[in-house]
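Student: I have just opened this entry and would like to learn how to read it. Could we go through some of its features together?

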Amino acid sequence: MIPYPMTYLGEKIETSYVSGAGTLPEYRGQGAMTQLLGESFKKMKENNIQFSTLIPSELSLFDYYGKLGYTRIFDYAITDIDLSSVSDVKGYEIEEYTDYREDVYEYFNRKMEEHPCCIQHTAYDFEFITAAAALENEPVYIARQNMQVKGILFAELREDGLMVKELLAESDFAKEALLYQASQWAGTTCIRYRDMPRQGESDYALGMARAIDVHLLLNTYAHKHPELELTLKITDEFLPENNGYYRLSEGECIRYTDKPDWHGYTFVTINQLTQALLGYHIEELPEALQAFEPQVPYMSLMVD
């Protein structure tokens with residue numbers, strides 16, 4: 001369980017990323033992983049974690065983790081870029097990132113924080129990401145103008161060509177300068193760029209999330225959206241302390257263990273609630289949950 005901060009509703013909240021989960025072949029199908037994850041959810045809740053996230057190692061595991069309360073939340077799009085008509089872009093100094101520099105991390109952190117619903121990376125994590133990239137011979141390029149950082153690019157050479165894993169830039173010119181440098185390194189003018197999701201059929205599934213502390217999350221959401229008026233019945237097989245009736249009204253969320261006799265309610269699974277809270281394709285949800293704010297959740301450069 002790796003702690004990651006996340007921008008959410010104008011604040012920073014704590015999430016826990018599950019990485020390296022697996023079961024020896026001879027012990028599969030006996031419920032060991034289900035039990036381990038169930039215990040991890042309890043530990044997360046004790047530590048005031050609000051969401052758990054993970055990246056399934058293969059698409060077939062999305063259904064498995066779905067049974068544990070996770071739901072698909074994080075997608076990405078692929079943008080194909082042809083730089084055959086681009087020559088060297090003037091006005092920027094492009095350098096390869098080799099050692100930790102505070103101004104580079106500060107720039108990276110600021111740009112990531114511009115995403116309103118996004119997994120963030122600490123300085124320590126940034127050091128790990130860039131060190132791992134160096135070990136794999138995957139360059140990280142920095143664009144500077146008058147000594148100021150104006151962009152950062154993470155590149156990877158795959159069997160099918162050059163992939164840009166992340167690109168943050170102040171302008172299209174800085175972006176083009178970084179892409180040109182990456183293309184020169186890879187010896188190709190064709191680049192595939194892992195981009196923000198477009199919330200359409202062209203998106204690729206990446207990661208999942210699960211609500212951990214339902215009352216805390218709904219109380220935060222109600223505070224940010226005082227106009228919301230609804231009652232939800234939540235069921236959570238693995239965190240039964242989340243079970244109950246939740247009334248959102250006038251900027252507050254009150255939890256009842258027994259059904260309030262003066263309100264109707266909408267039955268909601270923990271998967272649906274997670275999807276609503278993170279604003280992922282809310283048009284797919286029950287009508288009551290479509291009152292939640294649409295968002296574009298984002299994660300990148302994770303240990304997957």
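Tutor: Let us begin with a definition: the expected span of a helix is 1.5 Å times one less than its number of residues, and helices (H or I, at least four residues) and strands (E, at least two) are DSSP runs, numbered from the N terminus. Please keep in mind that this is a predicted model, in which local features need pLDDT of at least 70, side-chain atom pairs count only at pLDDT 80 or more, and totals for chains, interfaces and linings use all residues. Residues are numbered from 1 along each chain as its sequence is written, and side-chain values use heavy atoms, with hydrogens and water left out.

Student: What span should helix 3 have, and how far apart are its end C-alpha atoms?

Tutor: Helix 3 covers residues 102-113, and its 12 residues should span 16 Å, which agrees with the 16 Å between its end C-alpha atoms.

Student: Which residues of helix 3 are buried, and what do they pack against?

Tutor: An α-helix has 3.6 residues a turn, so residues three or four places apart point the same way. Buried means under 20% relative accessible area, exposed over 50%, and partly exposed in between, with a 1.4 Å probe and protein chains only. In helix 3 the buried residues are Val 104, Tyr 105, Tyr 107, Phe 108, Asn 109, Lys 111 and Met 112. They pack against several elements, including helix 4 (123-135) and strand 7 (140-145), where contact means heavy atoms within 4.5 Å.

Student: Where does Gly 207 lie, and is Gly 207 buried or exposed?

Tutor: Gly 207 belongs to strand 11, residues 204-211, and is buried, because its relative accessible area is 0%. Beyond its neighbours within four places in sequence, Gly 207 is in contact with residues including Leu 54, Phe 62, Ile 73 and Met 299.

Student: How many helices and strands does the protein have?

Tutor: The secondary structure comes to seven helices and 15 strands. The radius of gyration (taken over C-alpha atoms) is 21 Å, close to the 19 Å that the globule rule (2.2 Å times the number of residues to the power 0.38) gives for 304 residues, so the protein is as compact as a globular protein of that length.

Student: What share of the residues is buried?

Tutor: Buried residues make up 49% of the 304 residues.
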